[in-house]
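Subject: Structure for you, with notes

Hello,

Here is the structure I promised to pass on. Please open it beside this email, and my notes follow below.

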Protein chains: 4
Amino acid sequence: MSEKKPLPTPAEVEAMLLRGPYHQWLGIKVIAVGEGTIELKATWREEWVVNPDRRYTHGGILAALVDLTADWALVSSTGRGVPTIDMRVDYHRAAMPGDLTCKGKVVRAGGQFSVAEASVFDGDGKLCASGRGVYLTAPPAPPKA
Amino acid sequence: MSEKKPLPTPAEVEAMLLRGPYHQWLGIKVIAVGEGTIELKATWREEWVVNPDRRYTHGGILAALVDLTADWALVSSTGRGVPTIDMRVDYHRAAMPGDLTCKGKVVRAGGQFSVAEASVFDGDGKLCASGRGVYLTAPPAPPKA
Amino acid sequence: MSEKKPLPTPAEVEAMLLRGPYHQWLGIKVIAVGEGTIELKATWREEWVVNPDRRYTHGGILAALVDLTADWALVSSTGRGVPTIDMRVDYHRAAMPGDLTCKGKVVRAGGQFSVAEASVFDGDGKLCASGRGVYLTAPPAPPKA
Amino acid sequence: MSEKKPLPTPAEVEAMLLRGPYHQWLGIKVIAVGEGTIELKATWREEWVVNPDRRYTHGGILAALVDLTADWALVSSTGRGVPTIDMRVDYHRAAMPGDLTCKGKVVRAGGQFSVAEASVFDGDGKLCASGRGVYLTAPPAPPKA
């Protein structure tokens with residue numbers, strides 16, 4: 001808290017994030033990293049579809065995006081991904097085939113646990129889902145620890 | 001409510017469920033269907049991993065399983081999958097590589113919306129995640145409508 | 001949606017709100033009403049305390065404030081209080097004796113149900129709790145219906 | 001974990017609980033205490049009403065009951081009330097004037113935090129609300145610490 005760490009760059013955060021196979025599968029790209037904020041993109045794939053007739057994206061994909069975006073919104077203080085204690089997602093609108101933009105923001109950064117929120121937007125900038133997670137946050141460890 | 005429909009068989013529910021590409025990707029198998037209950041299995045795949053060092057499953061996979069299991073626990077009254085309004089997941093234990101067993105149960109079936117819960121267990125029968133969703137339920141439609 | 005209703009005044013909203021005995025007991029005062037936003041105050045009372053030694057406010061009071069503030073953030077479109085489908089609260093900091101300020105904002109206003117969020121601040125402007133609710137929203141009815 | 005503590009009696013838990021002014025105001029009576037379970041009653045009062053015409057109970061009262069019942073379901077391992085990290089409530093049915101019965105159950109007791117759930121029933125035994133909380137649990141401290 002007392003000494004300010006430099007913000008990691010989007011490329012640095014993306015490299016950490018893409019160590020995870022599920023993040024690779026979701027085609028995550030890190031667009032911007034700020035103090036307690038993050039912006040990501042997820043790359044659409046056919047397997048995301050839940051209903052082959054109407055072709056919208058499964059809620060579990062949106063839930064994963066809310067979880068990981070809120071988690072990584074904490075990266076400016078945690079320096080890494082942290083375990084999720086619990087999370088909640090509200091579904092606002094069907095997400096049709098196409099890449100998704102995810103914006104995360106820290107609600108409160110704490111010593112033991114922290115709360116962050118995230119919103120998922122479709123290609124037209126319409127809000128498809130939003131939610132929050134509680135994360136287990138400990139003193140920042142080196143990125144690969 | 002007044003007239004009892006016959007329960008769909010596990011094979012019938014699995015056929016409906018597997019129309020969805022994401023359900024295929026998750027390797028969903030329907031084990032048992034009861035009045036307001038369901039038991040599923042999900043088939044592990046390498047892409048589920050979030051952390052390549054510790055190899056546990058991404059919380060977004062567990063969230064998807066909670067969502068879809070609670071949703072399909074309603075199938076004995078809905079006759080189909082229904083839209084999720086919102087959902088919440090609590091994470092209890094890291095899910096290591098291996099198939100997962102998911103048990104769902106209706107908390108309250110309503111006319112406009114319904115609440116159902118689900119738990120996800122690892123191969124040793126240990127509880128990894130549990131949660132709930134609120135679902136938009138309308139008069140049952142034919143399975144493929 | 002198509003025709004814009006004039007915003008109700010804080011005094012009008014407070015009069016509706018204070019018809020409810022529990023709102024009276026919470027000492028609710030409406031400070032400001034905007035398009036999809038509201039600001040309230042709640043008046044501290046000794047019965048709010050959960051722990052007689054440390055004297056902080058019971059989480060159930062903060063939960064009630066999150067619920068009602070999010071609900072009434074919808075008043076610019078609903079024209080009344082509406083039923084809560086579900087709600088969630090994150091606790092950030094102990095709320096010590098003193099009045100609380102509550103700010104609500106609509107996340108998404110829908111035809112059948114809507115999502116709104118609220119934050120509760122103590123006298124020093126520190127965030128004590130925040131959360132969200134899903135509300136059953138139907139075409140606006142006259143205030144006293 | 002290793003050595004089994006004797007279960008506190010309902011009278012002992014009620015005495016701890018009623019040290020809190022808000023618990024007194026809610027008229028809490030402890031009916032039964034088990035290993036990871038609790039049953040309480042709350043005593044109806046006029047101030048609970050949200051809508052003077054239809055006279056049902058405010059959702060914030062039900063939220064408080066879910067929170068405190070889930071919290072005290074942990075008492076067999078914690079020996080005391082513990083801080084709530086977050087909680088969620090689903091509303092199933094209007095709670096009309098009358099005492100309420102609350103049943104709580106531990107979902108998972110952990111070292112750092114624990115999850116417990118609770119259900120609130122009206123005088124006819126109908127489910128009015130249910131939900132869950134995540135609680136900050138540390139090694140048990142003496143009851144009055």
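Some ground rules. This is a predicted model, where local features need pLDDT of at least 70, side-chain atom pairs count only at pLDDT 80 or more, and totals for chains, interfaces and linings use all residues. Residues are numbered from 1 along each chain as its sequence is written, chains are lettered from A and ligands numbered from 1 in the order in which they are written, and side-chain values use heavy atoms, with hydrogens and water left out.

**Chain D against chain C**

Contact means heavy atoms within 4.5 Å. By that rule, chain D gives 32 residues and chain C gives 32 residues. 100% of the interface residues of chain D are also interface residues in chain C, so the copies meet through the same surface.

Buried area is the accessible area (1.4 Å probe) that two parts lose on being put together, summed over both. Chains D and C bury about 2,500 Å² between them, and 56% of it lies on carbon and sulfur atoms.

A salt bridge is a side-chain nitrogen of Lys or Arg within 4 Å of a carboxyl oxygen of Asp or Glu. Arg19(C) makes one with Asp53(D), and their closest N and O atoms are 3.1 Å apart.

Now the elements. Helices (H or I, at least four residues) and strands (E, at least two) are DSSP runs, numbered from the N terminus. On the side of chain D that touches chain C, helix H2 (21–25), helix H3 (59–73) and strand E3 (84–91) each give two or more residues. E3(D) gives the most, with 8 residues.

Two strands pair if DSSP finds at least two bridges between them. Here 5 bridges join E3(D) to strand E3 (residues 84–91) of chain C, and the strands run antiparallel. Arg88(C) has Arg88(D) as its bridge partner.

**Chain D against chain A**

This contact takes 6 residues of chain D and 6 residues of chain A. About 590 Å² is buried between these chains, with 72% from carbon and sulfur atoms. Ile85(D), Phe113(D) and Leu136(D) supply 56% of the area that chain D buries against chain A, more than any other three residues. How many salt bridges are counted between chain D and chain A? The count is 0.

**Inside chain A**

Strand E2 (residues 37–42) and strand E4 (residues 100–108) of chain A run antiparallel, joined by 6 bridges. Leu40(A) has Cys102(A) as its bridge partner in E4(A). E4(A) is also joined by 7 bridges to strand E5 (residues 113–121) of chain A, again antiparallel. Val106(A) stands opposite Ala116(A) there. A hairpin through 4 residues joins E4(A) to E5(A).

Best wishes
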